[in-house]
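Have the sequence and the model open as you read.

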Amino acid sequence: MSVLKILQYPDPRLRLIAKPVNIITKEIKNLAFNMLDTMYTNEGIGLAATQVDIQLQIVVISKENINKEHLILINPKIIEKKGNNSIQEGCLSIPEYRAFIPRSDYIKVKALNLFGKEIEIEANSVLSICIQHEIDHLQGKLFIDYLSLLKQTRIEKKIKKINKKNKIL
């Protein structure tokens with residue numbers, strides 16, 4: 001398997017909306033496994049295909065780092081939400097920044113698995129938040145979009161400063 005390059009904010013490709021997967025081919029399966037390798041290599045708990053510049057509705061999620069047990073969800077859609085929760089979220093595409101984001105505590109998601117079978121997943125707490133975060137990516141939305149304009153501007157300035165510093169080195 002391969003480790004893929006993760007797009008970094010403010011790359012405009014992170015704002016593209018992913019298309020549904022019509023047929024689960026060998027290439028789609030390989031992409032999902034490469035996404036898992038990328039996620040685990042970068043010590044993440046979730047990754048959307050849009051973060052690796054593939055505009056398809058695929059997300060991979062670590063189930064709380066239990067022996068690298070994971071979910072692969074194709075064309076995921078949230079069909080039920082309940083409650084409220086907020087944890088400090090981070091993102092592999094926005095390194096070095098975390099924020100408390102309001103999310104639903106419980107969700108039910110309909111998706112396809114790698115065999116093309118329709119599945120329903122119920123999740124709460126951290127797993128629920130992670131799934132919501134990754135589905136946002138498929139819609140071109142980032143966790144910082146939930147923050148005030150002032151906070152978004154600060155993050156953008158900080159990231160530009162880091163990028164400028166890294167180019168000098």
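Let's start with Ser-125, which counts as partly exposed because its relative accessibility is 32% (buried is under 20% relative accessible area, exposed over 50%, partly exposed in between, with a 1.4 Å probe and protein chains only). Keep in mind that this is a predicted model, where local features need pLDDT of at least 70, side-chain atom pairs count only at pLDDT 80 or more, and totals for chains, interfaces and linings use all residues. Residues are numbered from 1 along each chain as its sequence is written, and side-chain values use heavy atoms, with hydrogens and water left out.

- Most residues other than glycine have a negative phi, and most peptide bonds are trans.
- Ser-125 isn't a glycine, yet its phi is positive, about 60°.
- Asn-75 is also a non-glycine with a positive phi, about 55°; it sits in strand S3 (residues 70–82) and is buried at 15% relative accessibility.
- The Tyr-9 to Pro-10 peptide bond is cis, with omega near 15°.

**Helix H2**

- Ser-125 belongs to helix H2, which covers residues 125–138. Helices here are DSSP runs (H or I, at least four residues) and so are strands (E, at least two), numbered from the N terminus.
- H2 is largely enclosed by the rest of the structure, because 12 of its 14 residues are buried.
- Asp-136 is one of those buried H2 residues, with a relative accessible area of 8%.
- Setting aside residues up to four places away in sequence, Asp-136 touches Arg-103, Lys-141 and Tyr-146 (contact means heavy atoms within 4.5 Å).
- After H2 comes Gly-140, with a positive phi near 75°.

**The annotated site**

- Which residues does UniProt list for "binding site"? The unreviewed entry gives Cys-91, His-133 and His-137.
- They span 47 residues in sequence, but no two of their C-alpha atoms are more than 10.3 Å apart, so they gather at one spot.
- UniProt annotations like this may be inferred rather than shown by experiment; positions follow the numbering used here, and feature names are shortened.
- Cys-91 lies in strand S4 (residues 85–91) and is buried, at 12% relative accessible area.
- Leaving out residues up to four places away in sequence, Cys-91 touches Gln-51, His-133, His-137 and Phe-143.
- His-133 is in H2 and is buried too, at 6%.
- The side chains of His-133 and Glu-89 make a polar contact of 2.8 Å (a pair of N or O atoms within 3.5 Å; within protein, one must be able to donate a hydrogen and the other to accept it, and residues adjacent in sequence count only if both atoms are side-chain atoms).
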